[in-house]
Each structure stands twice: as C-alpha cells, then as structure tokens.
Amino acid sequence: SNPFEVKVNRQKFDILGRKTKNDVGLPGVSRSKAIKKRNQTLLKEYKEREKTNVFKDKRFGEYNTKITPEEKMIRRFALERQQNYGKKNMYNLNEDEELTHYGQSLAEIEKLNDIVDSDSDTEERGTLSAELTAAHFGGGGGLLRKKVSSEQQDEEEEKPKSRKELIEEMIAKSKQEKQERQTRRENTLELTEKLDKDWKEIQTLIAHKTPKSEKKDKEVEKPKPDEYDMIVRELGFEMKAKPSERLKTEEELAKEEQARLQKLEADRLRRMRGIDEQTTKKRPSHMSADDLADGFILDKDDRRLLSYKDGKINIENEEEKEEAEEGEEEEEEGDNENEEESQEESASENEEDDAADSHSDLESDLESEEEAAGNKEEKKHKGNESQNVEKLDPKREAAKSELPYTFAVPESYETFKSLLAGRTIEQQLIILERVQKCNHPSLAVGNKAKLEKLFGFLLEYIGELATLDLPELRTIDKLVLPLYNLCQMFPEAASDSIKFILRDAAHDLEEVIEVKGRATFPGLDTLIYLKIISLLFPTSDFWHPVVTPAFMYMSQLLTKCRITTLQDVIKGLFICCLFLEYVSLSRRFVPELINFLLGVLHISLPKNQAQGYTVVHPFTPVGKNLELLLVCDKEDLKSWEKQNVPLSIVTRLKETSKTEINHIRLSCLALCLDLIKKCAALYESLPSFHEIMHPVRILLTQHVPVKEYPEKMQEWYHSALKELENKVKHYTPLICEKKKPVPLKQYTPKIVKVLEFGRKQAGSKKEQERKQLIQRHKRELKGAIREIRKDNQFLARMQLSEIMERDSARKRKVKELLGSLATQEGEWKAMKRKKWKS
C-alpha cells in the first residue's frame, strides 16, 4: 500500500479503552496503533513491575477516632521501644546471658561462696607491689638507687647490697606475707564454722511450732482441687492397654481342636485296652561302655534306713511300705486320668518305631539275662498281674461306655443312622460336633464334600424323626443347631439340598392335583422343613433361591389343599403362622393368608346362617365339611382353657376323646383370632387395608356368636375386633390421574416448515437473543485469546531486546578491557627492551 494514500485521523486526546472510528483502518495503521498502545500500557507495567510508588501511612491509630490521643501516644511509644529493643540487643552478648566456666556460673563464682585454696591470693588481686614491679620490670636499678639514697642518710660508710641479696630479701618478705595471709584465712574459717554450730543450736530453741487450731484454719483455707485436676490425676492411675495375644485363624483353631480330640481318643483307647502309663513310657536308650553319665539326674531318694529286728536287718517292712505307697500313687493317677488330657495316638506309633530301631545285638544279650532271672520273678509277677487286672476292669468298662473323641464322616445314610442310633440327644449333638471338628474343610482336601453330604444326611434324619408315630420334635429342635452351623459353612450345598426337597414336594402336589383334581396337606416332615427354611435363610429378601420357592409352595398349599378334617385345619394354621414369620420384616402382602383365616372363621359357624361375605377356595359356602370348628357342648365350653396347639397332635388326634377334640377346636379358633390381630398390625399401612379386611370385620361383627364362647375367648375376640376398627384410614384410594380430554381427529393440513441449510432460521425472540449472545461470547472469547497471545509475544520481544542490550554492553566492556590489557602489555615489553639495550 502507498503510505501517501493512507489517511489517518488523529485525536486531540488519547483515552484508553475508547474505540473510535479511526482505530479501524488499514492493517499497517491498526498494527502501529496497537504497538503504540502496548508501549503506553503493557510496557509501562512491565518496567514498573517491581516498584512501589504508593505512599502508605503506617502510623498507629491515625485514622481511628475511637482511640484517645493519650492511648495513641502510649501505643506508639511501646511500638517504638519494641523496634529499637530488637535492633539494640541484636549483637549484645553480655545482656540476658549467663556466662559459665567449667559448667559453673561466673556470677556465682564471684560471690566467693566456695572455700578458697591456701595458695590462691584473694587479697590485693590484680595489684603488684612497687618493689616487685621495680625488681621484675625495672631491671633492679631503681630499687638499688632507692636503697642507696635511704641508707646514705643513716650509714654513709656501709657499702650498697648486691642484686642477689636484694632478690633474696624480696623472696623472704613475700613468703612471710603469704604465710600471714594464710593464718588469717584459717582463723576466719574457724570462726565461721563456730558461728554456724552456735546458730544451729540456737535455731532449735527459737523454732516456733504453730498450734493445731491455726493449722486447721490453714487447711480449711486450702482451695479444693478442680474437677479437671481430679480427672487428670485419675487418668494417671488408670490401667494402660496392653497388647493381647493374636487372634487365631479358623484353620489354626480347627487344627488345635483336632489335635485335642485325637489326644483324648488315644487316652480313651489306652484305658479301654487296659494299658498302664508306665508301659507306654519309652525304654531307656542304649548306653555304651564309654558313657560317663554326665546327664544323670536322681529323680527320687532310694536310700533306706537300716533297722534291725531280733538281730536281723528288717527288709520286709520297707517293702510293704513301698507297695502301699505305689498303691496310693496308682489310685491318685486313676482319679486324675479322667480330668487330664491323654496322650495322642502317636504314642503307640513311637513304641513301634522304637522297637524297630532298637539294637538287635544288645537285645539278644538282654534276653538271655532276662531268661535267667525270669524264673525267679515269675511268681511275683503273677500275683501283681491278678491285682492289676482287677483294678483296670472298671476303668475299661468306663472307657468302653465313653463316647469316642474322633469320628469319620459317614459315607452313607445307613452308617450315619447307625452312628446316632441308641444315643441320647446330648450324645448325638456331641457326635455331630466332633465329626465337624475332626473333619474341618481346612484340615484335608476332601473334607468339604464329606461335610456337604453330612448336611443332606442330617436333613433326611430330621424328616425320618418327623414321620414317626410319636414325632420327636424336641430332638429335631436340638438338631437344628448343627444344621445351622453346616449351612453357614456350605450355603450353596445347603440351598441345593433343600431346593431338591421343595422340588419333589411341589411335583408330588401337582401330580396329585392332575390325577384327583384335589390335594391334601403334606406330612409333618414337609411342614418342619418349611419351618427350618425360615431359620436357615433370610426371609426378608425380595427374591431368594430357597425362600421364594418355599413361599410359592406354601401359598399353593393354602389355596389347593381341601379342608376336610381337623388335622387339615391345624396344618393350615401352622402354615399361616409360618407366613407371618416369613413376612414379619418385609411386610409383604399375602392374600392367601387372609382368605384362609376368613375360611377358618367360616367353618366355626353353623351351616344355616345368612352370609354377607364370600368364601374362596378351598373353603365352600355349602358342603359336608362345614362346622369343623363348631362346638355346641356347653360343658366343654366352660372347661376350656387357652393353650398352645402342639404340632405333634396331628398324628394322635384319632386317639383323643371328644372333650379334648372340642378343646382343640376352641384353641384353633383362638389362634385364628390372634393371627387376625397380627395381620391387622402388620398390614395397617396398606392403602387398601379396609377393603382387604372388610369381609373379616363383617364376619366378626355380624355372624360370630360371641356370647356363647368362654370369657377368655371373648377377650381374644374383642381385642382382634378393636385392632381392626381402630386403624385410621391413612391413604386415599387409588384414582386415575386427571388429564385433558383428547381432541377429536380433524382433517386439517399439517404445515411443516422446510429447513434451508446455510441460513439462520427464524425463531422466537428469546431464541434469537440467546443465539446472538452465544455468537457474541464466541467472538469476544476469540478476540481475548488473540489479544493475550499478542501481549505475550510483545513481552517476549521486550525481554529479548533487554537481553540483547545486556549482551552487547558486556561484549563492549570485554573488548575495552582486552584492548587496555594489550596496550599495557605493549608498553611493558617496550620498557623491557629499553632496559636490555641500556
């Protein structure tokens, strides 16, 4: 571009931040203006970046009107003294510092508290006599002249003394003065000691004892300790925590338990076989001829006292005493055997190893010697053996009757059943516990599979106990604990085995329904399995692989099994109780439960009665199975007392009398009322609670003959009815949401706007403003980024120019120095040449 064609409009005043028309022009003009603006703003800030051109008034309280002038002056004076104090004492070493010498303070040494040595000159310290100074520093001339002048007046005829004589006189004089000082010091020390002794004697006489009344006053005046101080003192006397022993892992505990049981079993077997402890001890090891018996220890004193009787040594009495002592020791050992833990089975193995490792050549010699001495001792041993057998017989019998301590896991159900057969419930629990401990999964690889089988055997055994004519429910109750322990150890195997039982029960129910069209309630074993499921698995889960199938199976039982006998009513009520137990935490609604309770109330009413409610299957409004719980005998009604309905009564209901059957019917009705009360408390928060419980309320209020029942039954009835009626309607019934009416379809054309790409589509005013703001924001952001980048480039150029200037100045100075050195070197060489020439 031609510079003569560029037109520039100049401003009279340059104002920062104001955009004018002449700012926008040709690229050269705008760039020059931008550089000029940066020189005026950014470059100025860069050059003054480390300068402070602001004057700050730091006087204290100058602009504070709340402080009086006197306080201002006092505070300013204090601040000034603080500042000067720090500056003044910065290098002052004598003030506020304690100087020491060999660990002792110089201030204390100067007090002259210590006993001064006799050789030290304490008096006239730092002063020298005139004679001494004249003798040592004056060369002796002054002293000589002084002596001569003094003697000239008295004895002019005598000759002056020599230097040697004068020095000897001076030494003698100094020694005399020193001795006098020492004597004076000793006298003063003796006097001080005497004064100290006298003062101590006088001090005992002067000592004044305060009377007790004053002491009490002083004690009363003492302030009581603070609560904080008391707590701090108590904390000081508290016992501090000590590190405890490390908690053992499950594997370590299992190994220890297995070792303990094996040891007890080895002890039981030894006692059952009648083996004495002395025989189990190891034989003495072989001793060579060169053995010096350095480790010999005398266990007991075998020395005997000599006694004579009729001129002969008395040996028999001593032998009798020894036998009596041995008998007492054996009795004590026999008593302690049951308390102590016996040796392990490894004792018998050690005996076999010792027998195998023994020296064969030495045994042959020993056998020959034993054969020679055996004939003599046979008679004695026969008598002892007969006594030992008599003593060990009761021990053997006790050991045989005792339970073994180690058991292997049974491989089949027959072996498991034989293992528990003929045992009491306590013994069965002990056997199952020992089987688990001896075969813990951490002890061997195959133990896990064996114990998983044990769970199935135990389930089958429980079912067999439930199917007996007289079911052993107490035994089943105790066996649930080992079943729970096995379920915790192997949850997957436990769930599989229980699911298998549920699957079989469900298939049996479906087959019976397909063949006969109706089904009956299962046996007692299936009901007990359903109860065990609630104990082993969580029932509050939304879905569970075991509990959910059990839930569905129980609902099928309540809806598909017909009620024909009193046993069916008892079983159905048991399932209702299980339902409430299952749903106690999740509060899940079970319609089969409410329908069954309604049906139980229905069969307790007479046949020919008007109905204001509907009965759902398996109950029928008309039929021969009605009035199962109806009791008409007034004597039985009066003699009835509330009691729990035992589950075992299902098997022996045929043997009971008519009065007992009526009592059971009334107990079932009372249980039904109790379950209705629990359902009302459980489902009170449901929105349709009143609609659900409406037929039950009608049946209770209009049809149940309350006045004919006993007083206790009436109490149960009123409490159930009160629980139903007191529930307030918390929720409104479900209603469809209100919506605008859907307009009818009309045949009007639908106009669709054709989008033209590349152009800004028109929209509402808010959308247009929003788009404009977005575009403006983008434009400003780009401009700000561009300006920041240009500012950084400008500062980089300025820094580079400063560096170049410094480098050029340094180079120039280096050149000047080198030039001056070169001229000096030339001049020096020229001077050197002149000297050589001259």
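# Close-up views of a predicted model

**View 1. Ile570 counts as buried, at 5% relative accessibility.** Buried means under 20% relative accessible area, exposed means over 50%, and partly exposed lies in between (1.4 Å probe, protein chains only). This is a predicted model, in which local features need pLDDT of at least 70, side-chain atom pairs count only at pLDDT 80 or more, and totals for chains, interfaces and linings use all residues. Residues are numbered from 1 along each chain as its sequence is written, and side-chain values use heavy atoms, with hydrogens and water left out. Ile570 sits in helix α22, residues 566–583. Helices (H or I, at least four residues) and strands (E, at least two) are DSSP runs, numbered from the N terminus. Beyond its neighbours within four places in sequence, Ile570 is in contact with Val645, Ile649, Val650, Ile664 and Cys668. Contact means heavy atoms within 4.5 Å. Leu671 is 101 residues away from Ile570 along the chain, yet their C-alpha atoms are separated by 9.9 Å.

**View 2. Leu530 and Ile533 touch the most other members of the largest nonpolar core.** This core holds 115 residues. It draws at least three residues from each of domain 1 (402–489) and domain 2 (519–726); the domain bounds come from an automatic or database assignment. A nonpolar core is a set of buried Ala, Val, Leu, Ile, Met, Phe, Trp, Tyr and Cys residues joined through side-chain atoms within 4.5 Å. Setting aside neighbours within four places in sequence, Ile533 contacts Ile498, Leu502, Val546, Val547, Ala550 and Tyr582.

**View 3. His544 occupies the loop between α20 (524–536) and α21 (547–560).** His544 counts as buried, with 11% relative accessibility. Its side chain reaches the backbone nitrogen of Val546 at 3.1 Å. Leaving aside neighbours within four places in sequence, His544 is in contact with Phe537, Pro538 and Pro549.

**View 4. Ala266 is found in helix α10, residues 250–273.** Ala266 counts as buried, at 11% relative accessibility. Tyr405 lies 139 residues from Ala266 along the chain. The C-alpha atoms of this pair are separated by 8.7 Å.

**View 5. Cys577 is partly exposed, with a relative accessible area of 29%.** The closest cysteine sulfur to that of Cys577 is in Cys576. The two sulfurs are 6.9 Å apart, so they are too far for a bond. A search of the whole structure finds 0 disulfides, each defined as a pair of cysteine sulfur atoms within 2.5 Å. Another cysteine, Cys487, is buried, with a relative accessible area of 3%.

**View 6. The protein chain averages a pLDDT of 76.** pLDDT is the predictor's confidence in each residue, from 0 to 100. Of the residues, 70% score at least 70. Over residues 114–123 the pLDDT is below 50, and this stretch has 12 contacts beyond near neighbours in sequence. Residues 323–373 also have pLDDT below 50, with 39 such contacts in the model. Where pLDDT is low, the predicted coordinates should not be read in detail.

**View 7. The protein chain has 29 helices and 4 strands.** Of its 838 residues, 24% count as buried. Among contacts in the chain with a separation of 6 or more, 73% come from residues 24 or more positions apart.

Conventions: A polar contact is a pair of N or O atoms within 3.5 Å; within protein, one must be able to donate a hydrogen and the other to accept it, and residues adjacent in sequence count only if both atoms are side-chain atoms.
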